[in-house]
Amino acid sequence: MPQDVHTDPSADDIAKEVAAAIVAHKLPPGTRLREEALGRVYKVSRTKVRAALLMLSKDKLIQIVPDKGAFVSKPDANEAREVYAVRRILEAALARQFVACATAADYRRIDAHLAAERRALEGADVQARNQLLGHFHILLAEAVGNSVLTGMLRELSARSAVITMLYQSSRDASCSSQEHHAFIEAARAGDADRACALMDAHLDHVQTSLDFAEGGRADSDLVSALLR
């Protein structure tokens, strides 16, 4: 939450703090983000607020509805099922291709990424943690070298990141990282069948572990939600 609302924050600063409020469930799914309220909290123009909202929209954390305003994204269990059903189809093929063509340099890059995942899991930044967990899958696609597949996974991973950010526990996030490690071990050993099975089980585990139980009502007063 804003530490000092008199310091003329940038649009990026505002976007990061609102994102943190969403992750902390101080702004639950469905909450309307009023430009006027954000402007009062941060003492900035509506132009700067709109720029921040566009950043949040790009990251899929909010939805901007024409003539209605901006709202915290509210993915539900059905959306999660659909997203992960598509991912399981795409990433089964991706896993097999990765095993076939990954280079030593690809494995070094992914090993460094896995180390970053573990560090993030030890911290309190849920958004950074989930971005890293999602980016693991993008790295696999980049190693394969299919730009169309990479683009599709970027979109699906962005949607998945919001879903997991809102509904995945820290314990399950840690399990996800462990499953990434297991996949890489199988891939490095050249076991394509096991790698494919591990990827499918991983995506199934992420989906089935999500908790969509309501966590309380959304705050109608954005200012008090941001300042408390």
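This is a predicted model: local features need pLDDT of at least 70, side-chain atom pairs count only at pLDDT 80 or more; totals for chains, interfaces and linings use all residues.

**Entry 1: the sheet.** I looked up Arg-32 to find its bridge partner, and in strand E3 that is Phe-71. Strands here are DSSP runs (E, at least two residues) and helices are DSSP runs too (H or I, at least four), numbered from the N terminus. E1 and E3 pair in the antiparallel sense over two bridges. Two bridges are enough, because strands count as paired if DSSP finds at least two bridges between them.

Residues are numbered from 1 along each chain as its sequence is written, and side-chain values use heavy atoms, with hydrogens and water left out.

Next I checked E2, which four bridges join to E3 (residues 69–72), again antiparallel. Ile-62 stands opposite Val-72 in E3, and Ile-64 stands opposite Ala-70. In what order do the three strands lie? The order is E1-E3-E2, in an open sheet with antiparallel pairing. E1 (32–33) and E2 (62–65) are at the edges with a single partner strand each, so one side of each has no neighbour in the sheet.

**Entry 2: positive phi.** E2 and E3 form a hairpin with three residues between them, and Asp-67 in the turn has a positive phi of about 70°. Lys-60, in the loop between H3 and E2, has phi near 70°, a positive value in a residue other than glycine. I also checked how open Lys-60 is: its relative accessible area is 29%, so I wrote down partly exposed. The cut-offs are buried under 20% relative accessible area, exposed over 50%, and partly exposed in between (1.4 Å probe, protein chains only).

Lys-43 follows H2 and sits in the loop between H2 and H3. Its phi is near 55°, also positive in a residue other than glycine. While I was there, I listed the buried residues of H2 (residues 35–42): Ala-37, Leu-38, Gly-39, Val-41 and Tyr-42.

Entry 3: Is His-202 buried or exposed? His-202 is buried, because its relative accessibility is 4%. His-202 is found in helix H9 (residues 192–209). A polar contact of 2.6 Å joins its side chain to that of Glu-179. Such a contact is a pair of N or O atoms within 3.5 Å; within protein, one must be able to donate a hydrogen and the other to accept it, and residues adjacent in sequence count only if both atoms are side-chain atoms.

Leaving aside neighbours within four places in sequence, His-202 is in contact (heavy atoms within 4.5 Å) with His-137, Ser-176, Glu-179 and His-180. I followed Ser-176 next, in helix H8 (residues 170–188). Ser-176 is buried at 3%, and its contacts beyond four places in sequence are Leu-133, Gln-168, His-202 and Val-206.

**Entry 4: the core.** The largest nonpolar core has 61 residues. By definition these are buried Ala, Val, Leu, Ile, Met, Phe, Trp, Tyr and Cys residues joined through side-chain atoms within 4.5 Å. Among those with the most contacts inside it are Phe-98, Leu-140 and Phe-183. Phe-183 is in contact with residues including Ala-95, Phe-98, Leu-140 and Met-199.

**Entry 5: cysteines.** Cys-101 is partly exposed at 33%, and Cys-175 is partly exposed at 22%.
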